[in-house]
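Here is a short report on selected parts of one protein model. Look at the structure, then read on.

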Amino acid sequence: GHDMASAAAGPSSRVVAAPRPRGSIHRGASSSPRPRRRRTRPDGASSSASASTGAVMGDGWDARLADAFRDCPETRALVTCDLVTLRPCELCPELPMWLLDDGDDVLALWERTEAFAAASSGGGLCPPYWAVPWVGGQGVARYILDNPEVVRGRSVLDVGSGCGVAALAAARAGAARVCANDIDPLAAVAFLANADACGLSNGPCELETSHEDLLRAPISRTRAYDVVMAGDVCFVKGLAEAFQSWLSAVAEDDGCVVGAGGGRTVLLGDPARQTRWAPTAGWAVGAERAAAYEVVTAATSALTEGAPIRKTTVWRVDRRVASGVRV
């Protein structure tokens with residue numbers, strides 16, 4: 001999330017329109033270290049990197065807030081508090097996560113995050129998008145779980161990761177390395193808590209987090225990743241345009257490192273919340289509709305999903321590389 005970038009990664013325009021504690025709305029990238037196989041990236045997707053290597057942070061975020069929301073017992077307690085429940089989302093029963101049962105509680109959880117950061121924050125924070133399993137991300141996750149060859153043995157970057165459902169799916173499906181990126185540092189903590197719940201924290205997949213605003217960073221920051229994906233990021237006009245343009249550029253990038261799979265794959269999950277801003281045929285060269293899912297949401301709130309049934313599409317772009325030449 002971001003203004004373009006800062007609105008990024010938080011799906012619901014309903015939250016944007018909802019009464020809220022105070023401050024602006026954005027959504028974004030995350031980062032934080034933890035035990036063995038968890039780490040923050042010092043290069044193209046990092047939390048601690050933001051201060052030390054010039055990584056760009058989302059609007060409203062700074063090093064003090066990133067430190068306040070680093071992965072620690074206190075922030076773990078916040079993302080697993082009494083307002084959330086450990087449960088799977090609708091499309092991915094194999095992935096238990098700490099999620100809101102009642103979307104209306106998003107405001108209470110938002111107030112808690114602001115109170116937690118009061119000493120470090122000079123203004124309002126993002127809504128806690130990381131506590132909602134937005135259906136665009138669910139679609140990407142389901143597609144990966146059903147087609148594990150898309151990520152198996154590959155390095156994966158999930159941009160605007162939120163609760164991390166798509167990143168968790170990639171780890172479960174056999175990715176070698178997964179980075180959950182979101183401009184909200186608490187999303188990193190939520191992702192790591194959810195990885196613990198899924199039994200993925202100390203598995204063969206190396207988990208990373210990042211809170212860099214990658215839409216404002218050079219495309220080269222993504223070159224270490226074979227698969228770049230995003231879900232439910234086209235919910236407002238400027239952000240929808242920015243993300244589609246950015247993902248198209250990522251797919252076309254001739255400088256990406258050739259890893260497992262011999263090329264790069266870009267995935268975009270979108271439920272067409274606003275039809276006029278949703279991706280359509282031709283949004284990226286070679287983009288194809290890879291899958292479509294109907295999601296019957298377990299808990300619907302006007303502040304979050306807002307509809308009992310949503311259909312979401314997974315778009316896929318593949319760019320093959322042979323002998324250093326794009327084909």
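## Terms and basis

Buried means under 20% relative accessible area, exposed means over 50%, and partly exposed lies in between (1.4 Å probe, protein chains only). Helices (H or I, at least four residues) and strands (E, at least two) are DSSP runs, numbered from the N terminus.

This is a predicted model: local features need pLDDT of at least 70, side-chain atom pairs count only at pLDDT 80 or more, and totals for chains, interfaces and linings use all residues. Residues are numbered from 1 along each chain as its sequence is written, and side-chain values use heavy atoms, with hydrogens and water left out.

## Helix 6

Helix 6 is largely enclosed by the rest of the structure, because 11 of its 12 residues are buried. Among them are V135, G139, R142 and Y143.

The helix covers residues 135-146. Its expected span is 1.5 Å times one less than its number of residues. That gives 16 Å, and the end C-alpha atoms are 16 Å apart, which agrees.

## D101

D101 sits in the loop between strand 3 (96-100) and helix 5 (106-116). D101 is partly exposed, at 37% relative accessibility.

A polar contact is a pair of N or O atoms within 3.5 Å; within protein, one must be able to donate a hydrogen and the other to accept it, and residues adjacent in sequence count only if both atoms are side-chain atoms. The D101 side chain makes such a contact with the side chain of T85 at 2.6 Å, and with that of R87 at 2.9 Å.

## D253

D253 lies in the loop between helix 9 (237-252) and strand 8 (263-270). D253 is buried, at 8% relative accessible area. Its side chain has a polar contact of 2.8 Å with the side chain of R223.
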